Amino acid sequence: MTTATLQFWFEFASPYSYIAAMRIEGLCREAGVPMVWRPFLLGPIFALRGWPTSHFNLNERRGKYMWRDMERLTEKYRLPWNRPSVFPRNAVLAARVAAAFENAPWISQFVASAFYANFRDDEDLNSDVVIAKLLRACGADAQTVLSAAVNTHRRNCLRRNTTEAIERGVFGAPNCVVGDELFWGEEALEDAVAWAVRRGA
């Protein structure tokens, strides 16, 4: 039996993307569902609604709930947690690398390490020094990868992803996309994987 491919759309600055990213690969592996990492930026999507920042910052009650929810979820899934000192953090460089090399053999490790850098270590994901360190830890050639992600045609991959996310109707993060079906939120991961299994049957 074959299954449909699941695209995992995420933002490195998104707390719920952190939880989902730590779970989705295992869920897909267990179900035999192929998956693709699809990083994008929420900023342009928020801008379409006239928001200068995350809705969690604009709505104090919603923000307060989200931070407490993150404490519960990280405890539930036994994930490290340290509320970042900057939110939402500028993660353009990390996202640019992930978009430019979404099929690299080290991409899963890089995605996890970048999320840990933000939500465990409170590090700058737009820093050449930080991203180079993460790439080296993944066994990648940091200088070559960074140069390609910033200075070649690969630089446009992140912009294309963000444009595609908007065209698909993405309004937040994380999202799972299976065919034309959009599953929004960390809590929808299991439904998305099950849908991929059914669509491929």
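Predicted model: local features only at pLDDT ≥ 70, side-chain atom pairs only at ≥ 80, totals over all residues.
Residues are numbered from 1 along each chain as its sequence is written, and side-chain values use heavy atoms, with hydrogens and water left out.

Strand β1 spans residues 6-10, where helices (H or I, at least four residues) and strands (E, at least two) are DSSP runs numbered from the N terminus. Five of the five residues of β1 are buried, a label given to residues under 20% relative accessible area, with exposed standing for over 50% and partly exposed for values in between (1.4 Å probe, protein chains only). The side chains of L6, F8 and F10 point one way from β1, while Q7 and W9 point the other way, and both groups are buried.

Strands are taken as paired if DSSP finds at least two bridges between them. On this basis β1 runs parallel to β2 (residues 35-39), to which five bridges join it, and F10 stands opposite P39 in β2. The chain passes from β1 through α1 to β2 in a right-handed β-α-β crossover, the hand being right if, with the strands pointing away from the viewer, the path from the first strand over the helix to the second runs clockwise. Strand β1 is also joined by three bridges to β3 (residues 175-178), and these two strands run antiparallel; in this pairing W9 stands opposite N175.

Rolling a probe the size of a water molecule over the atoms shows where empty space is left. A pocket is here an open set of points on a 1 Å grid over the protein atoms alone, with protein on both sides within 12 Å along at least five of seven lines, whereas a cavity is a set of points where a 1.4 Å probe fits but cannot get out; lining residues have an atom within 4 Å of a point. Grid points are joined across faces, edges and corners, and the volume is the space filled by probe spheres set on the points. The largest pocket holds about 700 Å³ of space. Its lining comprises 36 residues, and those nearest the centre of the pocket are L42, F46, S54, H55 and F56. Two or more lining residues come from each of α1 (15-31), α2 (43-48), α3 (55-58) and α4 (60-76), and α4 gives the most, with five residues. The lining divides into 21 nonpolar, eight polar and seven charged residues, where Ala, Val, Leu, Ile, Met, Phe, Trp, Tyr, Cys and Pro count as nonpolar, Asp, Glu, Lys and Arg as charged, and the others, Gly among them, as polar.

With a disulfide defined as a pair of cysteine sulfur atoms within 2.5 Å, the count comes to zero. C138 is in no disulfide, and the nearest cysteine sulfur, that of C157, is 18 Å away; C138 is buried, at a relative accessible area of 12%. For C176, the closest cysteine sulfur is that of C28, and the separation of 6.9 Å is too far for a bond. C176 is likewise buried, with a relative accessible area of 1%.

Most residues other than glycine have a negative phi, and most peptide bonds are trans. In this model a cis peptide bond joins F87 and P88, with omega about -5°, and P88 is found in the loop between α4 and α5. The peptide bond from A173 to P174 is also cis, with omega near 5°, and P174 is found in the loop between α9 (156-167) and β3. A positive phi, near 55°, is computed for R78, which lies in the loop between α4 and α5 and counts as exposed at 78% relative accessibility. Phi of D122 is near 55° and positive; D122 is found in the loop between α6 and α7 (128-137), and its relative accessibility of 25% makes it partly exposed.

Two further loop residues are buried. E102, in the loop between α5 (92-100) and α6 (107-119), has a relative accessible area of 18% and is buried. L41, in the loop between β2 and α2, counts as buried at 18% relative accessibility.
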